[in-house]
Amino acid sequence: MSSFLPKRFLSTITLKAGPPKAHHHGVLPASSFPAGFVLGGLHAGVKKKAGVPDLAVILSTSEHPTSAAGCFTRNAFKAAPVIVSDGILKRNGGYARAVVVNSGCANAVTGKQGMDDAWAMVSETDKLLSARNTHQFEHETLVMSTGVIGQNLPISKIVDGIRAAGSTLGSDFASWERAAQAFMTTDTFPKLRSRVFKIGANEYRMAGMDKGAGMIHPNMGPASTTFAGTRQLHATLLGCIMTDAAVSPRSLQSALTYAVDRSFNSISVDGDMSTNDSIYVLANGAASNGSAVIDEETSPDAYEVFRRELTVFAADLAKLVVRDGEGATKFVTVTVKGAPTYKDAHSIAARISTSALVKTALYGEDANWGRILAATGSVPLQPSGADGTVPVIDPTKVNVTFVPSDGSAGLPVLVNGEPEQVDEERAKEILSLEDFEVLVEMGMGGAGEAQYWTCDFSYEYVRINGDYRS
(Lines give C-alpha, C1' and ligand atoms only; values in the text may rest on other atoms or scores of the structure.)
Protein backbone atom coordinates (compact mmCIF):
# COMPACT_ATOMS: atom_id res chain seq x y z
CA MET A 1 0.00 0.00 0.00
CA SER A 2 1.07 3.56 -0.69
CA SER A 3 2.54 5.61 2.15
CA PHE A 4 -0.04 8.36 1.68
CA LEU A 5 -2.34 6.38 4.00
CA PRO A 6 -1.68 6.54 7.78
CA LYS A 7 0.03 3.43 9.14
CA ARG A 8 -2.64 3.02 11.81
CA PHE A 9 -5.20 2.82 8.99
CA LEU A 10 -3.16 0.40 6.91
CA SER A 11 -2.93 -2.04 9.80
CA THR A 12 -6.72 -2.37 9.91
CA ILE A 13 -7.19 -3.18 6.22
CA THR A 14 -7.65 -6.68 4.91
CA LEU A 15 -7.50 -6.48 1.12
CA LYS A 16 -9.66 -8.83 -0.92
CA ALA A 17 -7.95 -10.02 -4.07
CA GLY A 18 -9.85 -9.00 -7.18
CA PRO A 19 -10.88 -11.61 -9.72
CA PRO A 20 -8.35 -12.57 -12.42
CA LYS A 21 -8.82 -10.60 -15.64
CA ALA A 22 -6.42 -12.13 -18.14
CA HIS A 23 -9.12 -14.44 -19.51
CA HIS A 24 -10.98 -11.44 -20.93
CA HIS A 25 -8.34 -11.20 -23.65
CA GLY A 26 -7.36 -13.90 -26.12
CA VAL A 27 -6.46 -14.61 -29.72
CA LEU A 28 -9.17 -13.70 -32.25
CA PRO A 29 -9.49 -15.38 -35.68
CA ALA A 30 -8.08 -13.37 -38.58
CA SER A 31 -11.29 -14.04 -40.52
CA SER A 32 -13.26 -11.95 -38.03
CA PHE A 33 -11.41 -8.68 -38.70
CA PRO A 34 -12.85 -6.21 -41.23
CA ALA A 35 -11.19 -5.91 -44.64
CA GLY A 36 -9.44 -2.75 -45.77
CA PHE A 37 -7.76 -1.69 -42.51
CA VAL A 38 -4.11 -1.72 -41.44
CA LEU A 39 -3.00 -0.74 -37.97
CA GLY A 40 -0.42 -1.21 -35.26
CA GLY A 41 1.10 0.09 -32.07
CA LEU A 42 4.60 0.96 -30.90
CA HIS A 43 6.57 2.65 -28.14
CA ALA A 44 7.14 6.30 -29.07
CA GLY A 45 8.45 7.45 -25.70
CA VAL A 46 5.40 9.04 -24.11
CA LYS A 47 5.46 6.43 -21.36
CA LYS A 48 8.62 6.11 -19.28
CA LYS A 49 8.89 2.32 -19.45
CA ALA A 50 10.74 1.23 -22.57
CA GLY A 51 8.97 -1.08 -24.98
CA VAL A 52 5.46 -0.41 -23.69
CA PRO A 53 3.20 0.59 -26.63
CA ASP A 54 1.96 4.17 -26.29
CA LEU A 55 1.12 5.11 -29.90
CA ALA A 56 -1.44 3.48 -32.20
CA VAL A 57 -2.19 4.23 -35.85
CA ILE A 58 -5.22 2.95 -37.78
CA LEU A 59 -5.63 3.46 -41.53
CA SER A 60 -8.45 2.61 -43.93
CA THR A 61 -7.04 1.38 -47.24
CA SER A 62 -10.39 0.73 -48.93
CA GLU A 63 -11.01 2.08 -52.45
CA HIS A 64 -14.45 3.13 -51.25
CA PRO A 65 -15.12 6.31 -49.24
CA THR A 66 -14.73 5.76 -45.49
CA SER A 67 -17.58 7.16 -43.42
CA ALA A 68 -16.70 8.26 -39.89
CA ALA A 69 -18.75 9.09 -36.84
CA GLY A 70 -17.88 10.17 -33.32
CA CYS A 71 -19.33 10.73 -29.89
CA PHE A 72 -17.44 13.04 -27.56
CA THR A 73 -17.34 14.03 -23.91
CA ARG A 74 -19.68 16.81 -22.80
CA ASN A 75 -17.16 17.99 -20.20
CA ALA A 76 -16.64 21.76 -20.43
CA PHE A 77 -12.86 21.23 -20.40
CA LYS A 78 -12.74 19.30 -23.66
CA ALA A 79 -9.25 18.13 -24.53
CA ALA A 80 -7.52 19.37 -27.69
CA PRO A 81 -7.95 16.01 -29.50
CA VAL A 82 -11.70 16.18 -28.93
CA ILE A 83 -11.99 19.70 -30.36
CA VAL A 84 -9.77 18.94 -33.35
CA SER A 85 -11.47 15.64 -34.23
CA ASP A 86 -14.96 17.11 -33.89
CA GLY A 87 -13.96 19.91 -36.26
CA ILE A 88 -12.56 17.49 -38.84
CA LEU A 89 -15.75 15.41 -38.85
CA LYS A 90 -17.84 18.55 -39.28
CA ARG A 91 -15.61 19.95 -42.05
CA ASN A 92 -15.54 16.65 -43.98
CA GLY A 93 -19.25 15.93 -43.58
CA GLY A 94 -18.62 12.65 -41.75
CA TYR A 95 -15.64 11.23 -43.63
CA ALA A 96 -12.21 10.24 -42.27
CA ARG A 97 -9.70 7.49 -43.06
CA ALA A 98 -7.32 7.35 -40.10
CA VAL A 99 -7.10 7.44 -36.32
CA VAL A 100 -3.98 8.17 -34.27
CA VAL A 101 -3.93 7.53 -30.52
CA ASN A 102 -1.39 8.18 -27.79
CA SER A 103 -1.49 7.05 -24.18
CA GLY A 104 0.51 8.42 -21.26
CA CYS A 105 -0.60 12.05 -21.67
CA ALA A 106 -4.14 13.36 -22.17
CA ASN A 107 -3.22 16.63 -23.92
CA ALA A 108 -6.08 18.20 -21.95
CA VAL A 109 -6.16 21.72 -20.49
CA THR A 110 -2.94 22.47 -22.40
CA GLY A 111 -3.95 25.69 -24.17
CA LYS A 112 -2.68 26.69 -27.60
CA GLN A 113 0.27 24.30 -27.42
CA GLY A 114 -2.13 21.40 -26.92
CA MET A 115 -4.11 22.37 -30.03
CA ASP A 116 -0.90 22.70 -32.06
CA ASP A 117 0.24 19.28 -30.89
CA ALA A 118 -3.08 17.62 -31.79
CA TRP A 119 -2.89 19.14 -35.27
CA ALA A 120 0.71 17.93 -35.61
CA MET A 121 -0.45 14.38 -34.92
CA VAL A 122 -3.22 14.76 -37.51
CA SER A 123 -0.93 16.19 -40.19
CA GLU A 124 1.75 13.55 -39.75
CA THR A 125 -0.77 10.71 -39.97
CA ASP A 126 -2.36 12.32 -43.04
CA LYS A 127 1.02 11.84 -44.73
CA LEU A 128 0.71 8.07 -44.25
CA LEU A 129 -2.59 8.22 -46.16
CA SER A 130 -1.02 10.29 -48.93
CA ALA A 131 1.77 7.74 -49.27
CA ARG A 132 -0.90 5.09 -49.92
CA ASN A 133 -2.80 7.31 -52.37
CA THR A 134 -5.92 7.19 -50.19
CA HIS A 135 -5.99 10.84 -49.13
CA GLN A 136 -9.20 12.65 -50.22
CA PHE A 137 -9.72 15.61 -47.86
CA GLU A 138 -7.22 18.09 -46.49
CA HIS A 139 -7.32 16.33 -43.13
CA GLU A 140 -8.68 12.81 -42.72
CA THR A 141 -7.19 11.77 -39.38
CA LEU A 142 -9.05 11.70 -36.07
CA VAL A 143 -6.89 11.93 -32.95
CA MET A 144 -7.24 10.67 -29.37
CA SER A 145 -5.05 11.07 -26.28
CA THR A 146 -5.27 9.61 -22.78
CA GLY A 147 -3.28 9.95 -19.58
CA VAL A 148 -2.47 12.73 -17.13
CA ILE A 149 -4.34 16.03 -17.55
CA GLY A 150 -2.51 19.37 -17.71
CA GLN A 151 0.78 18.18 -19.19
CA ASN A 152 2.12 18.81 -22.69
CA LEU A 153 2.82 15.99 -25.10
CA PRO A 154 6.40 15.09 -26.04
CA ILE A 155 5.25 15.91 -29.55
CA SER A 156 8.60 15.40 -31.32
CA LYS A 157 8.71 11.81 -30.05
CA ILE A 158 5.12 11.23 -31.17
CA VAL A 159 5.73 12.65 -34.64
CA ASP A 160 8.81 10.43 -35.02
CA GLY A 161 6.71 7.50 -33.84
CA ILE A 162 4.00 8.15 -36.42
CA ARG A 163 6.64 8.21 -39.17
CA ALA A 164 8.08 4.94 -37.91
CA ALA A 165 4.63 3.36 -37.67
CA GLY A 166 4.06 3.64 -41.41
CA SER A 167 6.24 0.62 -42.18
CA THR A 168 4.96 -1.53 -39.31
CA LEU A 169 1.20 -1.55 -39.93
CA GLY A 170 -0.55 -4.85 -40.60
CA SER A 171 -3.94 -6.54 -40.60
CA ASP A 172 -3.25 -9.72 -38.59
CA PHE A 173 -4.23 -10.36 -34.98
CA ALA A 174 -0.82 -9.25 -33.68
CA SER A 175 -1.26 -5.85 -35.35
CA TRP A 176 -4.74 -5.39 -33.86
CA GLU A 177 -3.50 -6.48 -30.45
CA ARG A 178 -0.53 -4.13 -30.54
CA ALA A 179 -2.83 -1.21 -31.36
CA ALA A 180 -5.15 -2.14 -28.48
CA GLN A 181 -2.18 -2.28 -26.11
CA ALA A 182 -1.16 1.23 -27.12
CA PHE A 183 -4.52 2.54 -25.83
CA MET A 184 -3.85 1.34 -22.27
CA THR A 185 -3.05 3.41 -19.17
CA THR A 186 -4.05 1.75 -15.88
CA ASP A 187 -5.83 -1.00 -17.83
CA THR A 188 -4.71 -4.51 -16.90
CA PHE A 189 -5.51 -6.12 -20.27
CA PRO A 190 -6.02 -4.92 -23.88
CA LYS A 191 -9.71 -4.64 -24.71
CA LEU A 192 -10.18 -6.03 -28.22
CA ARG A 193 -13.22 -7.69 -29.79
CA SER A 194 -14.41 -8.74 -33.26
CA ARG A 195 -17.53 -10.23 -34.80
CA VAL A 196 -18.98 -11.39 -38.12
CA PHE A 197 -22.56 -10.47 -39.01
CA LYS A 198 -24.93 -10.60 -41.96
CA ILE A 199 -27.32 -8.09 -43.46
CA GLY A 200 -29.41 -9.93 -45.98
CA ALA A 201 -27.07 -12.06 -48.10
CA ASN A 202 -24.02 -9.88 -47.39
CA GLU A 203 -21.47 -10.80 -44.74
CA TYR A 204 -19.60 -8.09 -42.87
CA ARG A 205 -17.08 -7.85 -40.09
CA MET A 206 -16.67 -5.48 -37.18
CA ALA A 207 -13.75 -5.11 -34.80
CA GLY A 208 -12.80 -2.59 -32.19
CA MET A 209 -10.87 -1.70 -29.10
CA ASP A 210 -11.35 0.56 -26.15
CA LYS A 211 -9.60 1.49 -22.95
CA GLY A 212 -10.58 2.66 -19.53
CA ALA A 213 -10.32 1.64 -15.91
CA GLY A 214 -10.66 4.89 -13.97
CA MET A 215 -12.26 8.32 -14.43
CA ILE A 216 -15.12 6.42 -16.02
CA HIS A 217 -18.62 7.85 -16.20
CA PRO A 218 -19.00 8.82 -19.86
CA ASN A 219 -21.58 11.34 -20.99
CA MET A 220 -21.00 11.61 -24.71
CA GLY A 221 -22.98 13.31 -27.42
CA PRO A 222 -22.73 13.17 -31.24
CA ALA A 223 -20.18 15.01 -33.33
CA SER A 224 -21.04 18.45 -34.67
CA THR A 225 -21.70 17.24 -38.20
CA THR A 226 -24.56 19.09 -39.86
CA PHE A 227 -26.77 15.99 -39.95
CA ALA A 228 -26.26 15.17 -36.25
CA GLY A 229 -29.12 17.41 -35.14
CA THR A 230 -29.44 18.70 -31.60
CA ARG A 231 -26.65 17.47 -29.34
CA GLN A 232 -28.86 15.60 -26.88
CA LEU A 233 -27.69 14.28 -23.53
CA HIS A 234 -26.81 11.04 -23.90
CA ALA A 235 -8.78 7.83 -16.65
CA THR A 236 -10.60 8.47 -19.85
CA LEU A 237 -12.63 6.22 -22.04
CA LEU A 238 -11.44 5.91 -25.62
CA GLY A 239 -12.78 3.53 -28.23
CA CYS A 240 -12.53 2.89 -31.93
CA ILE A 241 -14.71 0.52 -33.96
CA MET A 242 -14.04 -0.44 -37.57
CA THR A 243 -16.35 -2.20 -40.03
CA ASP A 244 -16.12 -3.13 -43.70
CA ALA A 245 -19.82 -2.37 -44.28
CA ALA A 246 -20.77 0.64 -46.41
CA VAL A 247 -22.85 3.06 -44.32
CA SER A 248 -23.78 6.65 -45.13
CA PRO A 249 -22.19 9.24 -42.80
CA ARG A 250 -25.53 10.47 -41.43
CA SER A 251 -26.70 6.92 -40.68
CA LEU A 252 -23.36 5.93 -39.15
CA GLN A 253 -23.59 8.90 -36.77
CA SER A 254 -27.22 8.12 -35.96
CA ALA A 255 -26.42 4.46 -35.24
CA LEU A 256 -23.41 5.36 -33.08
CA THR A 257 -25.34 7.92 -31.05
CA TYR A 258 -28.04 5.32 -30.35
CA ALA A 259 -25.48 2.63 -29.52
CA VAL A 260 -23.38 4.84 -27.23
CA ASP A 261 -26.40 5.76 -25.13
CA ARG A 262 -27.02 2.04 -24.51
CA SER A 263 -23.41 1.07 -23.97
CA PHE A 264 -20.65 3.55 -23.12
CA ASN A 265 -23.09 6.07 -21.64
CA SER A 266 -24.39 3.26 -19.43
CA ILE A 267 -21.23 2.40 -17.50
CA SER A 268 -19.59 3.84 -14.43
CA VAL A 269 -16.49 2.97 -12.45
CA ASP A 270 -16.20 6.03 -10.23
CA GLY A 271 -18.76 8.59 -11.43
CA ASP A 272 -16.16 10.99 -12.89
CA MET A 273 -16.52 12.23 -16.47
CA SER A 274 -13.28 12.68 -18.40
CA THR A 275 -12.14 15.59 -20.52
CA ASN A 276 -11.17 13.19 -23.33
CA ASP A 277 -13.93 10.58 -23.72
CA SER A 278 -14.26 9.73 -27.42
CA ILE A 279 -15.73 6.89 -29.47
CA TYR A 280 -15.16 6.65 -33.23
CA VAL A 281 -16.59 4.35 -35.88
CA LEU A 282 -15.07 3.97 -39.35
CA ALA A 283 -17.09 2.19 -42.09
CA ASN A 284 -15.01 1.69 -45.23
CA GLY A 285 -17.32 -0.38 -47.50
CA ALA A 286 -14.56 -2.86 -48.36
CA ALA A 287 -17.00 -5.78 -48.13
CA SER A 288 -19.96 -4.07 -49.80
CA ASN A 289 -19.51 -6.08 -53.03
CA GLY A 290 -21.42 -3.49 -55.02
CA SER A 291 -24.42 -3.51 -52.64
CA ALA A 292 -26.19 -0.26 -51.81
CA VAL A 293 -24.87 1.94 -49.05
CA ILE A 294 -26.77 1.31 -45.80
CA ASP A 295 -28.93 4.32 -44.98
CA GLU A 296 -31.72 4.78 -42.44
CA GLU A 297 -34.01 6.45 -45.00
CA THR A 298 -33.32 4.53 -48.19
CA SER A 299 -32.71 1.08 -46.62
CA PRO A 300 -34.37 1.17 -43.18
CA ASP A 301 -34.41 -2.61 -42.67
CA ALA A 302 -30.68 -2.94 -43.32
CA TYR A 303 -30.03 0.08 -41.13
CA GLU A 304 -31.95 -1.46 -38.21
CA VAL A 305 -29.86 -4.62 -38.43
CA PHE A 306 -26.62 -2.62 -38.57
CA ARG A 307 -27.65 -0.42 -35.62
CA ARG A 308 -28.52 -3.49 -33.56
CA GLU A 309 -25.18 -5.15 -34.36
CA LEU A 310 -23.28 -1.96 -33.50
CA THR A 311 -25.19 -1.56 -30.21
CA VAL A 312 -24.49 -5.12 -29.08
CA PHE A 313 -20.84 -4.81 -30.05
CA ALA A 314 -20.45 -1.45 -28.29
CA ALA A 315 -22.02 -2.91 -25.13
CA ASP A 316 -19.51 -5.79 -25.20
CA LEU A 317 -16.62 -3.32 -25.35
CA ALA A 318 -18.14 -1.08 -22.68
CA LYS A 319 -18.54 -3.97 -20.24
CA LEU A 320 -14.84 -4.75 -20.52
CA VAL A 321 -14.08 -1.28 -19.14
CA VAL A 322 -16.16 -1.97 -16.04
CA ARG A 323 -14.65 -5.42 -15.58
CA ASP A 324 -11.24 -3.74 -15.57
CA GLY A 325 -12.32 -0.96 -13.22
CA GLU A 326 -9.50 0.23 -10.97
CA GLY A 327 -9.52 -1.98 -7.89
CA ALA A 328 -12.84 -3.58 -8.87
CA THR A 329 -13.77 -6.99 -7.46
CA LYS A 330 -17.40 -7.07 -8.69
CA PHE A 331 -19.15 -6.61 -12.04
CA VAL A 332 -22.68 -5.43 -11.29
CA THR A 333 -25.61 -5.04 -13.67
CA VAL A 334 -28.18 -2.52 -12.44
CA THR A 335 -31.55 -3.07 -14.14
CA VAL A 336 -34.48 -0.70 -13.72
CA LYS A 337 -37.90 -1.71 -15.04
CA GLY A 338 -41.38 -0.23 -15.01
CA ALA A 339 -40.32 3.44 -15.11
CA PRO A 340 -42.36 5.97 -17.11
CA THR A 341 -39.71 6.31 -19.85
CA TYR A 342 -36.33 4.92 -20.92
CA LYS A 343 -34.72 8.20 -19.86
CA ASP A 344 -36.18 7.92 -16.35
CA ALA A 345 -35.06 4.30 -16.03
CA HIS A 346 -31.59 5.22 -17.30
CA SER A 347 -31.28 8.10 -14.82
CA ILE A 348 -32.29 5.90 -11.88
CA ALA A 349 -29.89 3.13 -12.92
CA ALA A 350 -27.11 5.70 -13.26
CA ARG A 351 -27.76 7.13 -9.80
CA ILE A 352 -27.63 3.70 -8.18
CA SER A 353 -24.47 2.83 -10.10
CA THR A 354 -22.63 5.98 -9.01
CA SER A 355 -23.63 5.97 -5.34
CA ALA A 356 -20.48 5.64 -3.25
CA LEU A 357 -22.56 4.17 -0.43
CA VAL A 358 -24.01 1.48 -2.71
CA LYS A 359 -20.61 0.69 -4.25
CA THR A 360 -18.80 0.39 -0.90
CA ALA A 361 -21.56 -1.90 0.38
CA LEU A 362 -21.11 -4.09 -2.70
CA TYR A 363 -17.39 -4.32 -1.96
CA GLY A 364 -18.19 -5.33 1.61
CA GLU A 365 -20.75 -7.87 0.30
CA ASP A 366 -23.35 -6.21 2.49
CA ALA A 367 -26.98 -6.41 1.27
CA ASN A 368 -27.67 -2.86 2.38
CA TRP A 369 -30.65 -2.37 0.07
CA GLY A 370 -31.72 0.80 1.87
CA ARG A 371 -28.90 2.60 0.08
CA ILE A 372 -30.31 1.42 -3.25
CA LEU A 373 -33.72 2.87 -2.38
CA ALA A 374 -32.20 6.15 -1.21
CA ALA A 375 -30.41 6.51 -4.54
CA THR A 376 -33.56 5.57 -6.48
CA GLY A 377 -35.72 8.10 -4.70
CA SER A 378 -33.27 10.96 -5.21
CA VAL A 379 -33.69 11.08 -9.01
CA PRO A 380 -35.97 13.82 -10.41
CA LEU A 381 -38.24 12.22 -13.01
CA GLN A 382 -39.01 13.90 -16.33
CA PRO A 383 -42.37 15.61 -17.02
CA SER A 384 -44.63 13.47 -19.19
CA GLY A 385 -48.00 13.68 -20.86
CA ALA A 386 -49.62 16.57 -22.62
CA ASP A 387 -49.98 18.55 -19.40
CA GLY A 388 -46.33 18.10 -18.39
CA THR A 389 -47.17 16.29 -15.17
CA VAL A 390 -44.15 14.96 -13.27
CA PRO A 391 -44.58 11.25 -12.37
CA VAL A 392 -44.39 10.37 -8.70
CA ILE A 393 -42.82 7.17 -7.35
CA ASP A 394 -45.20 5.12 -5.22
CA PRO A 395 -42.99 3.41 -2.60
CA THR A 396 -45.64 0.73 -2.04
CA LYS A 397 -45.13 -0.64 -5.56
CA VAL A 398 -41.32 -0.84 -5.67
CA ASN A 399 -39.45 -4.16 -5.63
CA VAL A 400 -35.71 -4.79 -5.18
CA THR A 401 -34.08 -8.15 -5.90
CA PHE A 402 -30.48 -9.41 -5.91
CA VAL A 403 -30.10 -11.76 -8.88
CA PRO A 404 -27.10 -14.14 -9.00
CA SER A 405 -25.30 -14.90 -12.27
CA ASP A 406 -25.11 -18.64 -11.65
CA GLY A 407 -28.75 -19.28 -12.60
CA SER A 408 -29.96 -19.89 -9.06
CA ALA A 409 -32.99 -18.13 -7.62
CA GLY A 410 -32.88 -14.41 -6.96
CA LEU A 411 -33.25 -12.94 -3.48
CA PRO A 412 -36.08 -10.39 -3.04
CA VAL A 413 -35.25 -7.88 -0.32
CA LEU A 414 -38.18 -5.48 -0.89
CA VAL A 415 -41.58 -6.52 -2.24
CA ASN A 416 -44.24 -3.88 -2.92
CA GLY A 417 -42.51 -1.52 -0.53
CA GLU A 418 -42.42 -4.05 2.29
CA PRO A 419 -39.04 -5.29 3.55
CA GLU A 420 -38.50 -9.04 3.37
CA GLN A 421 -37.01 -11.15 6.13
CA VAL A 422 -33.65 -11.33 4.37
CA ASP A 423 -31.58 -14.50 4.55
CA GLU A 424 -28.27 -12.76 5.26
CA GLU A 425 -26.26 -15.89 4.52
CA ARG A 426 -27.89 -16.22 1.09
CA ALA A 427 -27.40 -12.49 0.45
CA LYS A 428 -23.70 -12.81 1.27
CA GLU A 429 -23.49 -15.79 -1.06
CA ILE A 430 -24.89 -13.79 -3.98
CA LEU A 431 -22.83 -10.67 -3.30
CA SER A 432 -19.64 -12.70 -3.08
CA LEU A 433 -20.02 -13.66 -6.76
CA GLU A 434 -17.94 -11.78 -9.31
CA ASP A 435 -21.10 -11.08 -11.38
CA PHE A 436 -24.61 -10.35 -10.14
CA GLU A 437 -27.56 -8.08 -10.86
CA VAL A 438 -29.45 -5.50 -8.83
CA LEU A 439 -33.02 -5.47 -10.16
CA VAL A 440 -35.28 -2.54 -9.27
CA GLU A 441 -38.91 -2.74 -10.42
CA MET A 442 -40.56 0.66 -10.13
CA GLY A 443 -44.16 -0.49 -10.58
CA MET A 444 -45.11 2.79 -12.28
CA GLY A 445 -46.94 1.19 -15.17
CA GLY A 446 -44.51 2.50 -17.76
CA ALA A 447 -42.45 0.66 -20.35
CA GLY A 448 -39.22 2.43 -19.39
CA GLU A 449 -36.41 -0.07 -18.89
CA ALA A 450 -32.65 0.46 -18.83
CA GLN A 451 -29.45 -1.20 -17.71
CA TYR A 452 -26.25 0.20 -16.29
CA TRP A 453 -23.01 -1.64 -15.63
CA THR A 454 -20.89 -0.72 -12.65
CA CYS A 455 -18.42 -2.11 -10.14
CA ASP A 456 -17.60 -1.79 -6.47
CA PHE A 457 -15.33 0.67 -4.65
CA SER A 458 -12.32 -0.93 -2.96
CA TYR A 459 -9.27 0.18 -0.99
CA GLU A 460 -7.23 -0.58 -4.11
CA TYR A 461 -9.11 2.12 -6.05
CA VAL A 462 -8.00 4.68 -3.45
CA ARG A 463 -4.40 3.46 -3.64
CA ILE A 464 -4.25 3.71 -7.45
CA ASN A 465 -5.74 7.21 -7.59
CA GLY A 466 -4.06 8.59 -4.49
CA ASP A 467 -0.70 8.61 -6.24
CA TYR A 468 -1.74 8.45 -9.91
CA ARG A 469 0.63 11.16 -11.12
CA SER A 470 3.67 9.75 -9.31
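Strand β7 (residues 202-211) and strand β9 pair in the antiparallel sense over six bridges. The model is a predicted one, in which local features need pLDDT of at least 70 and side-chain atom pairs count only at pLDDT 80 or more, while totals for chains, interfaces and linings use all residues. Residues are numbered from 1 along each chain as its sequence is written, and side-chain values use heavy atoms, with hydrogens and water left out. The protein is divided into domain 1 (24-323) and domain 2 (331-466), the bounds coming from an automatic or database domain assignment.

- Helices (H or I, at least four residues) and strands (E, at least two) are DSSP runs, numbered from the N terminus.
- Two strands pair if DSSP finds at least two bridges between them.
- In the pairing of β7 with β9, Ala207 stands opposite Met242.
- Strand β11 (residues 278-283) runs parallel to β9 and is joined to it by six bridges, with Leu238 opposite Ser278.
- Strand β9 (residues 238-243) is largely enclosed by the rest of the structure, because six of its six residues are buried (under 20% relative accessible area; exposed is over 50%, partly exposed in between; 1.4 Å probe, protein chains only).
- In a regular strand the side chains alternate between the two faces of the sheet.
- On β9, Leu238, Cys240 and Met242 lie on one side and Gly239, Ile241 and Thr243 on the other, and both faces are covered.

**Strand β1**

- Strand β1 (residues 37-42) also has six of six residues buried, so it is largely enclosed by the rest of the structure.
- One side of β1 holds Phe37, Leu39 and Gly41, the other Val38, Gly40 and Leu42, and all of these are buried.
- Strand β2 (residues 55-60) pairs with β1 in the antiparallel sense over six bridges, and Ile58 is the bridge partner of Leu39.

**Interface of domain 1 and domain 2**

- The C-alpha centres of the two domains lie 32 Å apart.
- The contact (heavy atoms within 4.5 Å) takes 17 residues from domain 1 and 16 residues from domain 2.
- Domain 1 and domain 2 bury about 1400 Å² between them, 58% of it on carbon and sulfur atoms; buried area is the accessible area (1.4 Å probe) that two parts lose on being put together, summed over both.
- Ser266, Val322 and Arg323 supply 32% of the area that domain 1 buries against domain 2, more than any other three residues.
- The rule finds two salt bridges across this interface, a salt bridge being a side-chain nitrogen of Lys or Arg within 4 Å of a carboxyl oxygen of Asp or Glu.
- Arg323 forms a salt bridge with Asp435, and their closest N and O atoms are 2.6 Å apart.

**Asn399**

- Asn399 is in strand β13 (residues 399-404).
- At 17% relative accessibility, Asn399 counts as buried.
- The side chain of Asn399 reaches the backbone nitrogen of Asn416 at 2.5 Å.
- Leaving aside neighbours within four places in sequence, Asn399 is in contact with Leu414, Val415, Asn416, Leu439, Val440 and Glu441.

Conventions
A polar contact is a pair of N or O atoms within 3.5 Å; within protein, one must be able to donate a hydrogen and the other to accept it, and residues adjacent in sequence count only if both atoms are side-chain atoms.
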